Amino acid sequence: MIRFLPLGGADEVGASCFYLNIDGTGILLDSGIHPRKTGKESLPKFELIENEPLDFLFISHAHQDHIGALPFLIKKFPHVKIYTTKQTLEVAKLTLHNTVRITNEQMTGTSDQILYDHDDIDLILRSITEVEYQKSIEICGLRHSSNDVIAVTFYDAGHILGSASILIEYQNRRIFYTGDIKLSSQMLMDGAVLPDKPVDVLITESTYAATESEEIGTVKTEGEKLIKEANRIIHTCGSVLIPVFSLGKMQEILMFLHNKMRSGKLSETEIFTGGISRKIAHLYDTNRFLVNRKYDSIKLSEIEQFKFRYCKSRLLQKAFLYCACIKRYDAGEYYVEQTDEILAAS
Ligand SMILES: [Zn+2]
């Protein structure tokens, strides 16, 4: 018998975490945190499986809403075996360490109380097993009640570096969990690779499912709008702030701007980048021949960029501080919070 129970990520975007019980083998698909909630509210409802078997966790990709709750899951279920791709593991090494302090503070309301530390993260990361795309592994939980094993295969989801969709095959049934998936190619990442046989059960994201496709816009038309606006602003000596996620979107936009400048469609200008996104861009470079990445002859790190702190313009420095303080993007609007740093710079 196969049972399915969402612990998070159903009827909402965030805290993706789905439980499968396949004849006594307990499987979790992702262990994410909810980006718009804080404290325990941001975690998946792990308590729903306290009396269930849990043997394996498969992580689709390294965005926080799919991996951020991993340290809390391991506190509760230390024996669980974790699998993900080599690239997701490399990115997670950066991002999970990067969020230790923030997550602890959000969970406890104080910087004194530590729920997990960098040593805990190192231990978790060392216990993760890497899997290759399209190479099946066979699994079987401690309380598995049949002689048939479960086959699990990762497929490139085309979303960000290392992202995967996960196919689970058992007794001639095929369950396909897409994770975040992109079927068409982006500037850097090629589109998703899908299994060549039909699936019986599809577990998929539906972020834009209820949105009319005309409202979303295409990459081409949105790109053209961005270039038009950027040229207008550059010609009036202004600065263009582009707040993007450090994992995935930053690298895509950087390559987009580089290509547009090279082709003469975007006026020559300095590009400033910062934070963890530069380290992640380095991983996009070192893995460029191992994944379905376009422009693999160009290293992102070789595109001329300046770090925020090298910027001499006081006005621009102030703008960057605003950029760093953008808290969230919601329904087409950016919410900006002022901080003491901004006030001091003004
Ligand atoms: Zn994602």
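A residue counts as buried if 20 or more other C-beta atoms lie within 10 Å of its own, exposed if 12 or fewer, and partly exposed in between, with C-beta atoms placed from the backbone. By that criterion, 31% of the 346 residues in this chain are buried.

Two remarks on provenance. This is a predicted model, where local features need pLDDT of at least 70 and side-chain atom pairs count only at pLDDT 80 or more, while totals for chains, interfaces and linings use all residues. Numbering starts from 1 along each chain as its sequence is written.

The chain has eleven helices and 15 strands. These are DSSP runs, numbered from the N terminus: helices are H or I with at least four residues, strands are E with at least two.

I start with strand E2, residues 17-22. Six of its six residues are buried, so E2 is largely enclosed by the rest of the structure. In a regular strand, side chains alternate between the two faces of the sheet. In E2, Cys17, Tyr19 and Asn21 lie on one side and Phe18, Leu20 and Ile22 on the other, and both faces are covered.

Next, the pairing of E2; two strands pair if DSSP finds at least two bridges between them. Strand E1, residues 2-8, pairs with E2 in the antiparallel sense over six bridges, and Phe4 has Leu20 as its bridge partner in E2. Strand E3, residues 25-29, also runs antiparallel to E2, joined by five bridges. There, Asn21 stands opposite Gly26. The hairpin of E2 and E3 has two residues between the strands, and Asp23 takes a positive phi near 45°.

Now to another sheet. Five strands form an open, mixed sheet in the order E7-E8-E9-E10-E11. Its edge strands are E7 (137-139) and E11, each pairing on one side only. E10 and E11 pair in the parallel sense over three bridges, with Ile175 opposite Val201 in E11.

What lies between those two strands? The loop between E10 (173-177) and E11 (201-203) holds Ile181. Is Ile181 buried or exposed? Ile181 is buried, because 21 other C-beta atoms lie within 10 Å. Contact here means that two C-beta atoms, placed from the backbone, lie within 7 Å. Beyond its neighbours within four places in sequence, Ile181 is in contact with Ala157, Gly158, His159, Ser165, Ala192 and Glu205. Glu205 is 24 residues away along the chain, and its C-alpha is 7.8 Å from that of Ile181.

Finally, the chain as a whole: of the contacts with a separation of 6 or more, 64% are between residues 24 or more positions apart.
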